[in-house]
Amino acid sequence: VIDSLTSGLLVVEGPPHRRVSMYTNRLEQIAGKPAEEVLGRPVAEALADVEGMDVTDLVTTVSALGRLPLTKMRLRFRGGRERAVTVQAQQMKDDSGASQGTVVVVDDVTERELLIDQFSRYVSRDLVQRLLARAQPLGLGGERRVCTILFADIRGFTGLAEGMTPEMLHRVLNQYLTAMIDGIFAHGGFIDKFVGDKVMALFAANRSPADNAGSACRAALAIKAEIRKVSEARRAEGLEPIEVGIGINTGEVLLGNVGSAERMDFTAIGDAVNVADRLQALAKGGQVLVGRGTASLLGERFRFADLGAQPVKGRTGSVQVLELEG
């Protein structure tokens, strides 16, 4: 039964000898170290070549506190093998309460950590963790939630691209998208999608709507500052600068999956999304235009210039537009 477990088990006898009395097959696989080199030996000697975890200190801690809570570690084994693991330990006692040793449970989470790292390049780490924590598979549908939507687009991109080689265009896009992604992720948002040079991002973490709105505005200001640096560097090289327009709006959306059972996208749907996109279309290079719903949540935390009600494409009524100044 023990050998069928997906976790690796290490049992260290109690003081004074602290010898290894159990070392399962799964732990052999994780550590790449055969049982004959470990069983019966003092734990300090048997696992002396494992970097990243002092087993002697671990056993001492468990002896003093009774247990070691779940702890994430990165271990290096012989031959330079590295594994991301979770470790937890518990003191073993006999019927009289006397310590009999320590049992250590080790789980290899290397592939899970790699998945999180790779997937986090596309959406926020927080969203990845929430998806992995779900007990049920993802399906179509969603939930109503108030969130803040940010759209950004390069101004005059078609004309800018006309005189460029594909390699030059690739470089420009990477400079722009790096500034966008870094600014959005640093302030708790996640990328919903790329449409050419247009970026759609959502700020919908488990916080108040005002927190999400503030995060989106801080992200926009950070993006403006970074794009300014990129443009200055391009001017120094005799190249045309990049100008970006940004639109931000807050409102109730349906946040969830759309598509089919075979292919779905996680996105936000609702009028608030459309307004954010229209505000982006109105913005000039270097401008961040914000809807009234966003600005009203933030009070005096940011400076806004009221640009009045303006007509936007696809809407019968006008939209109150403000410019984020700082």
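**Close-up 1. Strands β4 and β5 pair side by side.** In this predicted model, strand β4 (residues 82-93) and strand β5 (residues 99-108) are joined by nine bridges. The two strands run antiparallel. Look for Val87: its bridge partner in β5 is Val106. In a regular strand, side chains alternate between the two faces of the sheet.

Close-up 2. Which residue of β4 is the bridge partner of Leu68? It is Ala89.

**Close-up 3. Five strands make an open sheet.** Step back to see the pairs in context. The strand order is β2-β1-β5-β4-β3. The pairing is antiparallel. Which strands are at the edges? They are β2 (20-23) and β3 (67-76), and each of them pairs on one side only. Neighbouring strands of this sheet are turned by 20° against each other on average, direction ignored.

**Close-up 4. Helix α3 lies across the sheet strands.** Helix α3 covers residues 55-65. It lies across β1 (8-13), β3, β4 and β5. How is α3 angled to β4? The helix runs at about 35° to that strand.

**Close-up 5. Strands β7 and β8 form another hairpin.** Strand β7 (residues 190-195) pairs with β8 in the antiparallel sense, over five bridges. Phe194 stands opposite Val199 in β8. Two residues separate the strands of this hairpin. Gly196 takes a positive phi near 65° in it. Is β8 enclosed or open? Five of the six residues of β8 (residues 198-203) are buried, so this strand is largely enclosed by the rest of the structure.

**Close-up 6. Thr148 is a buried residue of strand β6.** Find Thr148 in β6 (residues 141-154). Is Thr148 buried or exposed? Its relative accessible area is 0%, so Thr148 is buried. The side chain of Thr148 makes a polar contact with the side chain of Thr250, at 2.7 Å. Leaving aside residues up to four places away in sequence, Thr148 touches several others, including Ala201, Leu202 and Phe203. Its contacts also include Pro209, Asn212, Ala213 and Ala216. Ile248, Asn249 and Thr250 are among them as well.

Close-up 7. Helix α9 runs over residues 271-282. Why does its length agree with expectation? At 1.5 Å a residue, its 12 residues should span 16 Å, and the end C-alpha atoms are 17 Å apart, which agrees. The buried residues of α9 are Ala272, Val273, Val275, Ala276, Asp277, Leu279 and Gln280.

**Close-up 8. Gln280 sits buried in helix α9.** Gln280 belongs to α9. Its relative accessibility is 3%, so Gln280 counts as buried. What does Gln280 touch, not counting residues up to four places away in sequence? Its contacts include Phe151, Ala152, Asp153 and Arg155. Lys198, Gly245, Ile246 and Gly247 are also among them.

Overview. The protein chain has 10 helices and 13 strands. Of its 326 residues, 42% count as buried. Among contacts with a separation of 6 or more, 56% come from residues 24 or more positions apart. The accessible surface of the chain is about 17000 Å². Carbon and sulfur atoms account for 52% of that surface.

Notes:
Residues are numbered from 1 along each chain as its sequence is written. This is a predicted model: local features need pLDDT of at least 70, side-chain atom pairs count only at pLDDT 80 or more; totals for chains, interfaces and linings use all residues. Side-chain values use heavy atoms; hydrogens and water are left out. Helices (H or I, at least four residues) and strands (E, at least two) are DSSP runs, numbered from the N terminus. Buried means under 20% relative accessible area, exposed over 50%, partly exposed in between (1.4 Å probe, protein chains only). Contact means heavy atoms within 4.5 Å. Accessible areas come from the Shrake-Rupley method with a 1.4 Å probe; for residues, only the protein chains shown count as cover. Two strands pair if DSSP finds at least two bridges between them. Axes are lines fitted to C-alpha atoms, for helices over the stretch in contact, and angles run from 0 to 180 degrees between N-to-C directions. A polar contact is a pair of N or O atoms within 3.5 Å; within protein, one must be able to donate a hydrogen and the other to accept it, and residues adjacent in sequence count only if both atoms are side-chain atoms. The expected span of a helix is 1.5 Å times one less than its number of residues.
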